Amino acid sequence: MLQSLAGSSCVRLVERHRSAWCFGLLVLGYLLYLVFGAVVFSSVELPYEDLLRQELRKLKRRFLEEHECLSEPQLEQFLGRVLEASNYGVSVLSNASGNWNWDFTSALFFASTVLSTTGYGHTVPLSDGGKAFCIIYSVIGIPFTLLFLTAVVQRITVHVTRRPVLYFHIRWGFSKQMVAIVHAVVLGFVTVSCFFFIPAAVFSVLEDDWNFLESFYFCFISLSTIGLGDYVPGEGYNQKFRELYKIGITCYLLLGLIAMLVVLETFCELHELKKFRKMFYVKKDKDEDQVHIVEHDQLSFSSITDQAASVKEEQKQSKPFVAAQVSAYAEDSASH
């Protein structure tokens with residue numbers, strides 16, 4: 001008997017705080033996912049980093065042996081300056097001296113990566129004035145971009161998602177949930193094909209040092225706004241039609257970001273995902289809702305009574321004026 005009562009009380013406790021338990025599991029799962037990613041990345045990339053470090057040490061030792069007139073501190077000072085310049089997008093290599101980082105098309109590409117929060121990091125402002133302007137430009141431009149993307153995605157979602165689903169539901173009598181799921185899958189497949197696979201094939205042809213995997217990697221890193229900056233198109237030596245190429249990449253990033261947001265919004269509107277998301281939200285208490293409703297009704301009623309009182313007051317103030325005008329008109333007519 002006591003065990004059954006204890007079990008029922010535990011069940012009621014869990015049901016009462018179900019949202020909190022689900023949220024705790026969500027936080028735990030996210031932390032475990034972070035740890036899982038760190039373990040995998042470390043185990044995969046650490047051996048390659050060690051090999052690269054050993055290779056650089058051998059190259060440095062061999063260079064110093066071949067050039068005995070150069071001391072190790074002088075070489076490190078030179079390499080440090082070269083690396084510092086490389087972080088700002090400036091290279092001392094002869095095959096990279098022909099590309100400017102701050103011509104108009106490159107600056108347009110940089111502005112698009114800043115406003116979309118992609119930020120490849122291959123080009124950064126050099127001057128203090130440029131850094132200050134970048135801060136002000138981003139503070140205004142990023143919310144402006146969010147507003148722009150929200151408005152565009154909302155309009156596209158109406159024509160691309162909601163109307164087709166409603167049409168098949170009403171015209172053919174299919175289940176609305178089933179139509180929404182099929183539509184989301186088809187839209188996702190079309191988006192991945194048009195903004196990932198096809199551009200990856202194009203980039204693998206236009207970029208000499210990229211294969212298909214590296215091109216697909218660039219497309220995903222860019223459109224997901226991760227922007228690691230290890231692969232940036234249009235930075236090759238003697239790139240043909242570089243200005244036009246940069247403008248095309250800018251348009252591709254904006255259109256691809258809009259397409260990704262439309263797909264994301266389409267999946268978020270699925271009934272199953274809405275139910276799944278509600279598991280982790282805080283549920284509103286009925287008493288609080290009733291209090292808000294009563295307060296809203298009281299405010300509405302008080303505003304209505306205030307308006308009625310003001311109207312009556314205006315009528316009272318206008319009556320003597322009207323009566324005085326009538327009496328004055330009567331006296332004028334009698335005198336005539």
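Tyr231 counts as partly exposed, because its relative accessibility is 22% (buried is under 20% relative accessible area, exposed is over 50%, partly exposed is in between, with a 1.4 Å probe and protein chains only). Bear in mind that this is a predicted model: local features need pLDDT of at least 70, side-chain atom pairs count only at pLDDT 80 or more, and totals for chains, interfaces and linings use all residues. Residues are numbered from 1 along each chain as its sequence is written, and side-chain values use heavy atoms, with hydrogens and water left out.

Tyr231 sits in the loop between helix 7 and helix 8 (helices are DSSP runs of H or I with at least four residues, strands are E runs of at least two, and both are numbered from the N terminus). What does Tyr231 touch, not counting residues up to four places away in sequence? Its partners are Tyr120, Trp210, Glu214, Tyr217 and Phe218, where contact means heavy atoms within 4.5 Å. Take Trp210: it is 21 residues from Tyr231 in sequence, and the C-alpha atoms of the two are 8.8 Å apart in space.

Trp210 turns up again around Ser215. That serine lies in helix 7 and is buried, with a relative accessible area of 0%. Leaving aside neighbours within four places in sequence, Ser215 is in contact with Ala200, Phe203, Ser204 and Trp210.

Phe203 leads on to the core. Along with Cys219 and Leu253, Phe203 touches the most other members of the largest nonpolar core, which has 14 residues (such a core is a set of buried Ala, Val, Leu, Ile, Met, Phe, Trp, Tyr and Cys residues joined through side-chain atoms within 4.5 Å). Two or more residues each come from helix 6 (176-206), helix 7 (212-223) and helix 8 (242-268). Helix 8 gives the largest share of this core, with four residues. Away from its neighbours within four places in sequence, Phe203 is in contact with Trp210, Ser215, Phe218, Cys219, Pro233, Tyr245, Ile249 and Tyr252. There is also a second, separate core of seven residues, among them Val153, Leu187, Ile258 and Val262.

Now for how the helices pack. The table gives two pairs; axes are lines fitted to C-alpha atoms, for helices over the stretch in contact, and angles run from 0 to 180 degrees between N-to-C directions.

| Helix pair | Axis separation | Angle |
|---|---|---|
| Helix 4 (residues 104-115) and helix 8 | 9 Å apart | about 15° |
| Helix 6 and helix 7 | within 8 Å | roughly 130° |

Which orientation do helix 4 and helix 8 have to each other? They are roughly parallel, since angles under 35 degrees count as roughly parallel, over 145 as roughly antiparallel, 65 to 115 as roughly perpendicular and the rest as oblique. Their crossing is left-handed (left-handed if the near helix is turned anticlockwise from the far one by less than a right angle, right-handed if clockwise). On the helix 4 side the contact is made by Thr105, Ser106, Leu108, Phe109, Ser112 and Thr113, and on the helix 8 side by Arg242, Glu243, Lys246, Ile247, Ile249, Thr250 and Leu253.

Helix 6 and helix 7, by contrast, are oblique to each other, and their crossing is right-handed. Helix 6 brings Phe195, Phe196, Phe197, Pro199, Ala200, Ala201, Phe203 and Ser204 to the contact, while helix 7 brings Phe212, Ser215, Phe216, Phe218, Cys219, Phe220 and Leu223.

Most residues other than glycine have a negative phi. Thr117 has a positive phi near 60°; it is found in the loop between helix 4 and helix 5 (128-171) and counts as partly exposed at 44% relative accessibility. Thr225 also has a positive phi, of about 60°, although it is not a glycine. Thr225 lies in the loop between helix 7 and helix 8 and is partly exposed, with a relative accessible area of 26%.

Zooming out, the protein chain has 10 helices and zero strands. Of its 336 residues, 22% count as buried. Among contacts between residues at least 6 apart in sequence, 59% join residues at least 24 apart.

Finally, the record. The unreviewed UniProt entry annotates residues 21-44, 135-158, 179-203, 215-232 and 244-264 as "transmembrane region"; positions are in the numbering used here, feature names are shortened, and annotations may be inferred rather than shown by experiment. In the model, residues 21-44 are 100% helix and 0% strand, with end C-alpha atoms 34 Å apart. Residues 179-203 are 100% helix and 0% strand, and their end C-alpha atoms lie 35 Å apart.
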